[in-house]
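Welcome, and please keep the viewer open beside this report.

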Amino acid sequence: MGVENFLTFLLTAFIFIATPGLDTIFVLNKSITQGKKSGIRATLGINTGILVHTIFAALGLSVLLSKTNYAFTTIKYAGFIYLLFLGITKLKNSNKALKLEEHKKPKKQKSDFWSGFITNTLNPKVALFILAFFPQFINPIQIKNPLPFIILGTTFAILGTIWYVALTFFASSFTQKINNNPNFNLWLNRLSGIAFILMGISIVLANN
């Protein structure tokens, strides 16, 4: 179906998802302040946004690649640069603490699904990541085919849903772990930073 190195994709995608960031903060805060149902709705909204980005990326790249023979190489090297930048940024920010606040007073229920959906859909970093990351696991012959993008995007969304639902059920303990143990976030950032840099290098080596 055009997908290559699927196990590597699963591992790298999980590292990216599990590294605490804005989505983690959003889901944990919803879970702690408004309960598990709010956390689950926020999770579904965030990962539906991933699918929207996937569809746009698949259709957009298909049109671009049909017009020029150099587009695939350009995308490969753009992916290398972005993943390298992402990795270095993770390493530089590894010492920064990620503070999650627990609120004892429940807030008024809002549309948690749509909050997560809009937040993720309008985040340009998500689009950039998908454009840089997904093509590295697609056979060049199938790069014009939207199906591999849909498969990878759906897999990424399923992984994200499983992870954030787990966080929702262990929200209090996970928040305490991050707040009380600075090394937890430090090593997660270092691990993800190294993983992205190695992925970027492998892209260049594959093209030579």
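Helix axes here are lines fitted to C-alpha atoms, over the stretch in contact, and their angles run from 0 to 180 degrees between N-to-C directions. Helices themselves (H or I, at least four residues) and strands (E, at least two) are DSSP runs, numbered from the N terminus. This is a predicted model, in which local features need pLDDT of at least 70 and side-chain atom pairs count only at pLDDT 80 or more, while totals for chains, interfaces and linings use all residues. Residues are numbered from 1 along each chain as its sequence is written, and side-chain values use heavy atoms, with hydrogens and water left out.

**Overall layout**

The protein chain has 9 helices and 0 strands, and its pattern along the sequence reads α-α-α-α-α-α-α-α-α. Of its 208 residues, 45% are buried, where buried means under 20% relative accessible area, exposed over 50% and partly exposed in between (1.4 Å probe, protein chains only). Contact means heavy atoms within 4.5 Å. Among contacts between residues at least 6 apart in sequence, 87% join residues at least 24 apart.

**Two partners of α2**

Angles under 35 degrees count as roughly parallel, over 145 as roughly antiparallel, 65 to 115 as roughly perpendicular and the rest as oblique. A crossing is left-handed if the near helix is turned anticlockwise from the far one by less than a right angle, and right-handed if clockwise.

| Helix pair | Axes come within | Crossing angle |
|---|---|---|
| α2 and α5 | 11 Å | roughly 165 degrees |
| α2 and α7 | 9 Å | roughly 40 degrees |

With its crossing angle, α2 is oblique to α7, and this crossing is right-handed. On the α2 side the contact is made by D23, T24, V27, L28 and S31, and on the α7 side by Y164, L167 and T168.

The helices α2 and α5, by comparison, are roughly antiparallel to each other. Their crossing is right-handed. Here D23, F26, K30 and Q34 of α2 meet D112, S115, G116 and N120 of α5.

Not counting residues up to four places away in sequence, S31 touches K36, G39, T168 and A171.

**The nonpolar core**

A nonpolar core is a set of buried Ala, Val, Leu, Ile, Met, Phe, Trp, Tyr and Cys residues joined through side-chain atoms within 4.5 Å. The largest one has 32 residues, and those with the most contacts inside it are F9, F129, F133, F134 and F156. At least two residues of this core come from each of α1 (6-18), α2 (22-34), α3 (36-65), α4, α6 (124-133) and α7 (146-169). Which helix gives the largest share? That is α7, with 7 residues.

**Aromatic rings**

A pair of aromatic rings is described by the distance of the centres and the angle of the planes. Rings of Phe, Tyr and Trp (its six-membered ring) pair if their centres lie within 6.5 Å; planes under 30 degrees apart count as stacked, over 60 as edge-to-face and the rest as tilted. The structure holds 12 aromatic pairs. W114 and F117 form one of these, an edge-to-face pair at 5.5 Å centre to centre with 90 degrees between the planes. These two residues lie 3 apart in helix α5 (residues 112-121), so about one helical turn separates them. W114 is partly exposed at 48% relative accessibility, whereas F117 is buried, with a relative accessible area of 17%.

The rings of F133 and F137 are also edge-to-face, because their planes stand at 70 degrees, with centres 5.2 Å apart. Both F133 and F137 are buried. They belong to one aromatic cluster formed by F6, F9, F16, F133, F134, F137 and F156.

**Single residues worth a click**

I17 sits in helix α1 and is buried, with a relative accessible area of 3%. Leaving aside neighbours within four places in sequence, I17 is in contact with T24, F156, L159, G160, W163 and Y164. From C-alpha to C-alpha, I17 and F156 are 8.6 Å apart in space, yet 139 residues apart in sequence.

L86, in helix α4 (residues 71-92), is buried with a relative accessible area of 12%. L86 and G200 are 114 residues apart in sequence, with 9.7 Å between their C-alpha atoms.

Most residues other than glycine have a negative phi. The phi of N5, however, is positive, near 50 degrees.
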